[in-house]
Amino acid sequence: MKTTAPGSEGRFAYEGLDRVIHERARLSVLTSLITHRKGLTFGELKELCALTDGNLNRHLRVLEKGEMVEIVKKFDRNRPQTVCRITASGRARYMEYLSTLEQVVRDAATVTEERSAGLAHRLAPSQT
Amino acid sequence: MVHCYEEIFRQSADMASAREFPSATVDKRLEVIYFAVQSVERMNTLNKALSDISRIRRQVAHSTEFRGYGPATLGATGILAFAAAGAQARWLPNPASHIPTYLRIWIVTAALSAAMIGTEMYARTRRIHSGIADEMIRVAVEQFLPALGTGALTTIVLVRYVPTVLWMLPGLWQIVFSLGVFSSCRFLPRAVTAVGAWYLLTGLICIALGDGRALSPWAMAIPYGVGQLLVAGILLWSGKEERE
């Protein structure tokens, strides 16, 4: 994650917020895959992310194009099965995204905290 | 932060009970209180988001294979075990009558090994598991610490209260160590289970010896030397396989 000193240029640029990941369904897909080391079948992923076949397919294609997931088609008990796994690069990009997201929330919390402190100051009896 | 909220609520309660302000001031104050309450709600939402992110990190750490143990360092600790056994064979021909010296040799060896593994684990985990390094180290330590603690406490109790059965120590150390290896297996390559079985087997053999023979330098060198070299080989091989 790129960090800069407070107050410096680009302090709130958040370049780690990857556009490919920064979409609810894709974030959901990646979070499911990163917590299942051996991967998930298409059906399991669809259920976990509450997506339709078409939607999941579309998002998986975007993630596959970005080399963040790999899709393996194989047979399990003579039945075709599609297994999705997160790649090493997908894992690294997801972790970077998570760190940046955490930074965004921390920055927002700092601002809110400062405002609360200001309000407390305005409510002090000596100010009335 | 908590003090800040407490201050807001305390003052708003004071204000409500006082009823001595002109109406314009009261309106202004109510407005400020409204924004203060909103701030508190926003902080709650942000804190929840932060705890959600931490939870995801924890889940990722629990489902990731731990790569913090370096094969070279683990191999080196195996060689260190052989070196310690060599030192014992050279300077302590009758360990049963010099238990404090025997304990010093092996406790120093264990401490050196732990320091080497710990230092490398910290550096490797920061490099390989960036983003979840702290969580991964915490998980790894949590898995092994109970075994180390149990081993240390068993040693203290036996030395202090039952010195007649100190010959059992090498066997007990190996059994307890095997439990640490077994509990770490979940986040290590599957083959590491065989190393846990190795330590368990050697520990049981040591106890089966039934007397001072269990204090022989080779009763420690062979289990730990071979065991550590074995785990180093497994990690090296699985790392190569993953790179391919």
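User: Let me start with one helix: which residues on the other side of H3(A) are exposed?

Analyst: They are Gly54(A), Arg61(A) and Lys65(A). Please keep in mind that this is a predicted model. To be called exposed, a residue may have 12 or fewer other C-beta atoms within 10 Å of its own.

User: And which residues of H3(A) are buried?

Analyst: Leu56(A), His59(A), Leu60(A) and Leu63(A) are buried in H3(A). The label calls for 20 or more other C-beta atoms within 10 Å.

User: Why can the buried residues of H3(A) be said to line one face of the helix?

Analyst: Looking down the axis of H3(A), its buried residues fall within an arc of 105 degrees, so they line one face.

User: What do the buried residues of H3(A) pack against?

Analyst: Their partners in chain A are helix H1 (24-34), helix H2 (42-49), strand E2 (69-76) and strand E3 (79-86). Just after H3(A) comes Glu67(A), with a positive phi of about 55 degrees.

User: How does the span of helix H3 of chain B fit, and why?

Analyst: This helix covers residues 71-91, and its 21 residues should span 30 Å at 1.5 Å a residue. Its end C-alpha atoms are 30 Å apart, so the two values agree.

User: Why are the buried residues of H3(B) said to line one face?

Analyst: The buried residues of H3(B) are Leu74(B), Thr77(B), Gly78(B), Ala81(B), Ala84(B), Ala85(B) and Gln88(B). Down the axis of H3(B), its buried residues stay within an arc of 115 degrees, so they line one face of the helix. On the other side, Ala72(B), Gly86(B), Arg90(B) and Trp91(B) are exposed.

User: Why does Ile33(B) count as partly exposed?

Analyst: Ile33(B) has 18 C-beta neighbours inside 10 Å. A buried residue needs 20 or more and an exposed one 12 or fewer, so 18 puts Ile33(B) in between. Ile33(B) sits in helix H2 (residues 23-62) of chain B. From Ile33(B) to Gly68(B) it is 35 residues in sequence and 51 Å in space, C-alpha to C-alpha.

User: How many helices and strands does each chain have?

Analyst: Chain B has 8 helices and 0 strands, while chain A has 4 helices and 3 strands. From the N terminus on, chain A runs α-β-α-α-β-β-α.

User: Which residues have the most contacts inside the largest nonpolar core?

Analyst: They are Val29(A), Leu30(A), Leu33(A), Val69(A), Tyr94(A), Met220(B) and Val231(B), in a core of 62 residues. Its largest share, 9 residues, comes from helix H8 (residues 218-243) of chain B. Leaving aside neighbours within four places in sequence, Tyr94(A) is in contact with Ile21(A), Leu30(A) and Ile34(A). To count as a contact, two C-beta atoms must lie within 7 Å.

Conventions:
Residues numbered from 1 in each chain as written. Chains lettered and ligands numbered in written order. Predicted model: local features only at pLDDT ≥ 70, side-chain atom pairs only at ≥ 80, totals over all residues. Core = buried A, V, L, I, M, F, W, Y, C linked by C-beta atoms within 7 Å. Helix = DSSP H or I, 4+ residues; strand = E, 2+ residues; numbered from the N terminus. Expected span 1.5 Å × (residues − 1). Arc of directions from axis to C-beta.
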